[in-house]
Structure formats: structure tokens, C-alpha cells
Amino acid sequence: MASSVAKNILKSIREKGFGAFLRELKDEGYLRCLPDGNLLQTKIHNIGATLVGVDKFGNKYYEKLNTQYGRHRWVEYAEKSRYNASQVPAEWHGWLHFITDHTGDELLLLKPKRYGVEHKENLSGEGEQYIYHSKGHALNPGQRNWTRYQPWQSKLEP
């Protein structure tokens with residue numbers, strides 16, 4: 001892997017020049033991502049990749065065709081500190097998972113405006129206010145009062 005990263009860095013320097021390469025490192029946030037291992041891995045993987053598109057949330061979608069099939073499409077999330085898979089809208093989900101070769105931008109042009117619901121990320125794992133607790137759960141603020149339960153009694157006298 002290290003050799004492919006070095007090759008891609010040298011290729012990028014040859015194509016753009018050293019000054020442009022350093023500006024890109026700064027603009028893309030490579031220096032800020034050093035404390036976050038996942039982001040650093042994504043940034044290193046982005047070297048030599050093609051930016052396919054950006055969705056309305058700012059997520060960037062990349063493709064690198066000279067790598068292993070099934071691992072050559074990925075997303076770099078706009079929100080670097082808190083990210084999960086539900087931040088990918090439906091039109092880009094199909095492209096990421098090889099359901100379609102149309103990018104999200106192409107699918108948005110094809111999609112009729114009167115259909116579909118606007119995408120919202122799933123916040124179920126983010127804080128107490130978003131976690132669902134059933135009526136009988138101890139953490140549910142509107143917990144059911146189970147003391148009202150009366151066992152069934154037969155009305156037939158033996």
C-alpha cells in the first residue's frame with residue numbers, strides 16, 4: 001500500500017506541480033486530519049482518485065478504477081467529527097453500492113420532483129432525545145404504570 005501511495009503522490013506532483021500539490025494538501029485538510037485515523041486513511045486513499053461528485057450536504061464521492069473491484073468507490077463525509085452511513089442520500093447510495101452506474105447528480109435530473117421525500121440522516125444513535133424507548137422501558141419519560149394491571153378472574157362459580 002505504501003508504494004501505491006508514493007506512486008500516486010509522485011504522479012500528482014508531476015501533473016500539478018509541487019506548489020499546487022502543497023496547496024491541495026492544505027485546502028483538502030490533510031494536516032487537520034492527523035489526529036483522526038479514519039479521516040487520515042480516507043485522505044491517503046483519495047490520492048490519485050477522481051472526484052465524481054458532491055451532494056447537497058457537502059459529502060464528496062470518489063472513484064479510483066485501478067484498485068480492487070468493490071473497493072474503488074467511497075464517500076468522504078462533510079462533517080468530519082461525526083459521521084455515519086445515514087448521511088448518504090438515496091441517489092448516491094445506489095452509486096456507492098454498485099446498484100447503478102449513474103451518479104447522484106444524474107439521478108437527481110431523472111427523478112420527478114413530485115415523488116420522494118427529502119433525505120434526513122438517522123439520528124437514532126445520537127443522544128438521549130433521539131433514542132426510542134418503549135412504553136415499559138425504565139428510561140422512557142412517559143413510562144406506563146403497570147400497577148393498574150388486574151389478572152383475569154373467571155366469573156363461573158364451580
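Because Trp92 and Trp95 lie 3 residues apart in helix α4, they are separated by about one helical turn. In this predicted model, the two residues form an aromatic pair of the edge-to-face kind, with 5.6 Å centre to centre and 85 degrees between the planes. Trp92 is buried, and Trp95 is buried as well. Together with Tyr61, Trp92 and Trp95 make up one aromatic cluster.

In soluble globular proteins, nonpolar side chains tend to be buried together. Which residues does Leu96 contact, once its neighbours within four places in sequence are left aside? Leu96 is then in contact with Tyr61, Arg73, Trp74, Val75 and Val88.

The strands can be described in turn. Strand β1 (residues 50-54) and strand β2 (residues 60-63) run antiparallel and are joined by 4 bridges, and one of the residues involved is Thr50, whose bridge partner in β2 is Glu63. The two strands form a hairpin with 5 residues between them, and in the turn Gly58 has a positive phi of about 95 degrees.

A search of the whole structure finds 4 aromatic pairs. One of these is formed by Tyr62 and Trp74, which are stacked at 6.0 Å centre to centre, with 20 degrees between the planes. This pair links distant parts of the chain, since Tyr62 is in strand β2 and Trp74 is in strand β3 (residues 73-76), 12 residues apart. Tyr62 is buried, because its relative accessible area is 6%, under the 20% limit; Trp74, with a relative accessible area of 11%, is buried too. A pair of aromatic rings is described by the distance of the centres and the angle of the planes, and the table gives these values for two of the pairs.

| Aromatic pair | Kind | Centre to centre | Between the planes |
|---|---|---|---|
| Tyr62 and Trp74 | stacked | 6.0 Å | 20 degrees |
| Trp92 and Trp95 | edge-to-face | 5.6 Å | 85 degrees |

Among the elements of the chain, helix α3 (residues 37-46) has the lowest mean pLDDT, 65, whereas β2 has the highest, 90.

Notes: Residues are numbered from 1 along each chain as its sequence is written. This is a predicted model: local features need pLDDT of at least 70, side-chain atom pairs count only at pLDDT 80 or more; totals for chains, interfaces and linings use all residues. Side-chain values use heavy atoms; hydrogens and water are left out. Contact means heavy atoms within 4.5 Å. Two strands pair if DSSP finds at least two bridges between them. Rings of Phe, Tyr and Trp (its six-membered ring) pair if their centres lie within 6.5 Å; planes under 30 degrees apart count as stacked, over 60 as edge-to-face and the rest as tilted. Buried means under 20% relative accessible area, exposed over 50%, partly exposed in between (1.4 Å probe, protein chains only). pLDDT is the predictor's confidence in each residue, from 0 to 100.
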